[in-house]
Amino acid sequence: MKSQNDIALEQYIRAHIDDEPKLLKELTRQAHITLLHPRMLSGHIQGRILKMCMRMIQPQRVLEIGTYTGYSALCIAEGLQDNAHLDTIEINDELEPKIRTFFNKSEHGHKISLHIGDCVQIIPQFPYMFDVVFIDGNKRHYIDYYEAAMSKLNSGGFIFADNTLWDGHVIDKHIDATDFQTQGIIAFNTHVKQDTRVETAILPIRDGITVLYKK
Ligand SMILES: C[S@@+](CC[C@H](N)C(=O)[O-])C[C@H]1O[C@@H](n2cnc3c(N)ncnc32)[C@H](O)[C@@H]1O
């Protein structure tokens, strides 16, 4: 649970970074009215960080695993140059109309292709390599996503994996045998730490973002 101090600091951060674009505010409002887990979307602070990472890296091709409402996809696309492209994959086809509505409304929507289906099946079919991958799908399967992403990531490319501190549960003394999400995240964190193909850092932002550099 967040302390009063954490909440006040977040308010301070929000007040001192770029404003959340109007369209993303509308998307967030819609998600809270119509979806079960609106907390899953990246939000103002993480969204501005994702955009800034794209500004820094200037990738040509980006892949996102887990579109949900399209919030993070729109932030990533905002940070891309006009000739760069984002492929984003979402398994839940019920979300497709909502996602497409917002991509169509955005001035950055033309940089995004939405793919509906299981990323583990879709990723091997891409006929090109990526410079950046953002992993934000089902926490139980992060290692599968990571291995699929690595096979399509250029050397010198980056993987950003979201929620890798999982609300602090990664350091819980006791992990319930049925808590497959925490187990999935812990297994992923151990897997990448042991993987000599990558350099690894963790940004303790929001729920933790692991940044991996492919050597
Ligand atoms: C945490 S949400 C993504 C949030 C979004 N990236 C954002 O920050 O705004 C995770 C999404 O991953 C999707 N997902 C789960 N397993 C998937 C898979 N195998 N392939 C593609 N999408 C998947 C879920 O349906 C869900 O919409």
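**Notes on the sheet, core and ligand shell**

1. I65 has I135, in strand 4, as its bridge partner. Strand 4 runs parallel to strand 1 (residues 61-65), and the two are joined by four bridges. Strands pair here if DSSP finds at least two bridges between them. Strands (E, at least two residues) and helices (H or I, at least four) are DSSP runs, numbered from the N terminus.

2. The model is predicted: local features need pLDDT of at least 70 and side-chain atom pairs count only at pLDDT 80 or more, while totals for chains, interfaces and linings use all residues. Residue numbers start from 1 along each chain as its sequence is written.

3. The open sheet has seven strands in the order 3-2-1-4-5-7-6, with mixed pairing. Strand 3 (112-116) and strand 6 (198-203) are at the edges; each has a single partner strand, so one side of each lacks a neighbour in the sheet. On average, neighbouring strands are turned by 15° against each other, direction ignored, with axes taken as lines fitted to C-alpha atoms.

4. F130 lies in strand 4 (residues 130-135). F130 counts as buried because 24 other C-beta atoms lie within 10 Å; the cut-offs are 20 or more for buried, 12 or fewer for exposed and partly exposed in between, with C-beta atoms placed from the backbone. The C-alpha atoms of F130 and L63 are 6.6 Å apart, although 67 residues separate them along the chain. Beyond four places in sequence, the contacts of F130 (C-beta atoms within 7 Å) are R61, V62, L63, K152, L153, N154 and G157.

5. G157 belongs to strand 5 (residues 153-162) and is buried, with 23 other C-beta atoms within 10 Å. Leaving out residues up to four places away, G157 touches F130, D131, V132 and K214. Between G157 and K215 the C-alpha distance is 8.0 Å, at a sequence separation of 58 residues.

6. The largest nonpolar core has 49 residues, and I76, V133, I135, Y145, Y146, A149 and I159 have the most contacts inside it. Such a core is a set of buried Ala, Val, Leu, Ile, Met, Phe, Trp, Tyr and Cys residues joined through C-beta atoms within 7 Å. Helix 4 gives the most to this core, with six residues. Not counting residues up to four places away, A149 touches L63, I123, V133, I135 and I159.

7. Around the ligand there are 19 residues, the closest being S42, G66, Y68, Y71 and S72; a residue qualifies if its C-beta atom, placed from the backbone, lies within 6 Å. Helix 4 (71-79), strand 2 (85-90) and helix 6 (119-122) each give two or more residues to this shell.

How values were computed:
Contact = placed C-beta atoms within 7 Å. Axes fitted to C-alpha atoms, helices over the stretch in contact; angles between N-to-C directions.
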